[in-house]
Amino acid sequence: MDGNRPLAIPPLLRDAARAVILSLAVGVIGVFFVLGTRQLYVEAAAVENLSFDDIVPTPVEVYHAWQQYESLLLEKHIPTTMWETLAGLSIAIVLGVVIAALMDFSRLLRWILYPILVVSQTIPIFAIAILLILVFGFGSGPKITVVVLFCFFPVALNTFAGLQSADPELLSLLRAMGASSVQAWTKVRLPAAMPSFFGGLRIAATYSVVGAIFGEYITAQYGLGVFLKRSYSSFRIDQAYVAIIATAVLSLLLVLIVNGVERLALRWYYTSRRGGWRGPGIY
Amino acid sequence: MHLKRSLMLLSLALMLAMGVPVWAQGDGTEEPSDQADDHLGGATEFARADEPTDVILMLDWTPNANHLGFYAAQALGYYDDANLSVEFQEPSDIQVEALVANGVADFGVSFQEFATYAIAGGTPVVSLAAIIQHNTSGFVSIADMHPISTPADMAGLRYGGFGQPDLENAILNTLLACDGAEPDSVEYVNVGYVDLIQLMQQDRIDLAWIFYGVQGVQAELSGVDLDAVMMMDYFDCVPDYYTPILITGPDMVEQQPDVVAAFVQATARGYAYAIDHPDEAANMLLEAVPELDSDLIHAGAEWLAPEFQSDAPRWGEQQASVWQGYTDFLVDNGILESGIDAGAAFTNAFLPGTVPAESD
């Protein structure tokens, strides 16, 4: 493999260069996005008689709002939301993988579970809010449940697709060599499913924080959702943006962690198939 | 009378027999204070729960100036005195009544409208106190854009409704009819729960129904000049109703009357404090919920302080005629098929102190 690259660039340097190019691209897109939004706003405001301050706070205002509530956010709201997120995401991973395995294991189960999976994603959370509280009370239960509802679907679906994508030739080879079905599963199917499992996990991680905030919106004492709601009902847009940005940062962190774990766990996959890590793929 | 009511009275009597100080008269040496100064029916001692009890109070929305008394009672240790540990829950658009009726939450903040619907729909709740004595809501417009001074001025305007058009149109039409205008001459636009003042500024709607103590005060603070048709000026037209109220479920009343009495009386002490010290009470709320806007809470507290008790003999006092009047209004306008038992929907029995019987 190394023969393909006579001029071996140290992998670290290569990654760094990629990262720089990527962030430059993101920066350019970001600037265009902000300017475009601003332009759209100006044109809308001309029609709608809006005041810019009512809708978008300045970064300085947001920073001041963050400073004002820094300790409250760091000690109460963010830990609460993160606990709900991580607990929900962990349960979703286990649940998703188990469902995927069951569907992979039996055609009958696939027929039964697949529609249930899809229907589970069509339930409006607010329609079952009362039910969640009746069943789980006022603690973190309902919030974690919402996160699980948001997150298990991409994990289950992608893992299932991955399990199904195992190389049939490899499987028949194993069978010919007298491998048991358990061996076939652990040695071929499961490894084959890993890349798409991580793809699903990445989607789940993206949605998980928002899931927790949805849960907190139903009713809660602490959490970013509570902070957001309090801010809006106090007409404090600058505070609301603190919550929005915190949510974005936390989601991004989670996705980065998933990418990191994926890179460690699937080094074999990326080195063998792609000749190196190219950053997260989209499956 | 009614089974529930007699059960409740029975349990109260039992509590008295067991030595629970449900209420206590002044010691007789006090000057008989006038109504405005006495918020607690002359009580100087207050009920305690038999044993340390955790209770959950579900607010109606995020904390605001309507909730001053709860936060004052918490900060001043009135709930501790009552042997209670109170947890506040902040729900969104969710039926507090159902959770309270099921005993998932012990107490809740509701409104006579919703409580009436809930009871009519088979979800039993009991109102324990009127948090604000009279309806402080009103229909407002931005003065520069669509000046209004009486209901007839609302004809032809676009009203931004919160999604209960039957009720909202019934109220609007009754007001219009009282003022000699055509019914259905206000256009209903469903906007949900959004900042109504902003929608009016953007000229998407012309008219909104708000709690003056919250959104009206906010508009004043931000320099928006509102015109208002206040419900309280038209009580002979649309009957007055209590909004908001403190509710609990029938199981609480029957099985834990000591906790109900302890909670209601500690809360009454909190509101009594808020009536006399709106600024300090506002600071207590802000201390507990620092994310709220300080100016808004202080202005709201100032506006609401005289409204909590208003002309009632003590804070929280409710009258059967108000409960009857509103259920009749809903039936007359075809919103409810059959009315509720107004006498069973509320009780004053857990409020502190006593007041002289109505003379009428």
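This is a predicted model: local features need pLDDT of at least 70, side-chain atom pairs count only at pLDDT 80 or more; totals for chains, interfaces and linings use all residues.
Some housekeeping comes before the tour. Residues are numbered from 1 along each chain as its sequence is written, while chains are lettered from A and ligands numbered from 1 in the order in which they are written. Local features need pLDDT of at least 70, side-chain atom pairs count only at pLDDT 80 or more, totals for chains, interfaces and linings use all residues, and side-chain values use heavy atoms, with hydrogens and water left out.

Let's start with chain A. It has eleven helices and one strand (helices are DSSP runs of H or I with at least four residues, strands are runs of E with at least two, and both are numbered from the N terminus). Reading from the N terminus, the order is α-α-α-α-α-α-α-α-β-α-α-α. Of the 283 residues in chain A, 41% are buried; buried means under 20% relative accessible area, exposed means over 50%, and partly exposed is in between, using a 1.4 Å probe and protein chains only. Take the contacts in chain A with a separation of 6 or more, and 73% of them are between residues 24 or more positions apart (a contact is heavy atoms within 4.5 Å). The chain exposes about 15,700 Å², with carbon and sulfur atoms supplying 72% of that; accessible areas come from the Shrake-Rupley method with a 1.4 Å probe, and for residues only the protein chains shown count as cover.

While you're on chain A, look at helix 10, residues 237-265, where Ile245(A) sits. Ile245(A) has a relative accessible area of 43%, so it counts as partly exposed. A bit of helix geometry is handy here: an α-helix has 3.6 residues a turn, so residues three or four places apart point the same way.

Now over to chain B, which has 14 helices and ten strands. Here 57% of the 360 residues count as buried. Among its contacts between residues at least 6 apart in sequence, 80% join residues at least 24 apart. Chain B exposes about 14,100 Å², and carbon and sulfur atoms supply 48% of it.

Helix 8 of chain B, residues 212-221, is mostly covered, with seven of its ten residues buried. Those are Tyr212(B), Gly213(B), Val214(B), Gly216(B), Val217(B), Gln218(B) and Ala219(B). Their cover includes strand 5 (137-142), helix 7, strand 8 (207-211), strand 9 (226-230) and helix 12 (294-309) of chain B. After helix 8 comes Gly223(B), with a positive phi near 80°.

A few backbone details in the loops of chain B are worth a stop. Asp203(B), in the loop between helix 7 and strand 8, is not a glycine but has a positive phi of about 65°. At 41% relative accessibility, Asp203(B) is partly exposed. Ser310(B) also has a positive phi, near 50°, and lies in the loop between helix 12 and helix 13 (320-332). Its relative accessibility of 34% makes Ser310(B) partly exposed. Then there's a cis peptide bond between Thr243(B) and Pro244(B), with omega about 5°; Pro244(B) belongs to the loop between strand 9 and strand 10 (245-248).

So how do the chains meet? On the chain B side, 31 residues are in contact with 27 residues of chain A. The area buried between them is about 2,500 Å², of which carbon and sulfur atoms give 57%; buried area is the accessible area (1.4 Å probe) that two parts lose on being put together, summed over both. Gln89(B), Glu90(B) and Glu291(B) supply 25% of what chain B buries against chain A, more than any other three residues.

Glu291(B) also meets Arg230(A) in a salt bridge, at 2.9 Å from N to O. The elements giving two or more residues to the chain B side are strand 1 (53-58), strand 2 (84-91), helix 4 (96-101) and helix 7 (196-201). Strand 2 gives the largest share, five residues.

Definitions and conventions
A salt bridge is a side-chain nitrogen of Lys or Arg within 4 Å of a carboxyl oxygen of Asp or Glu.
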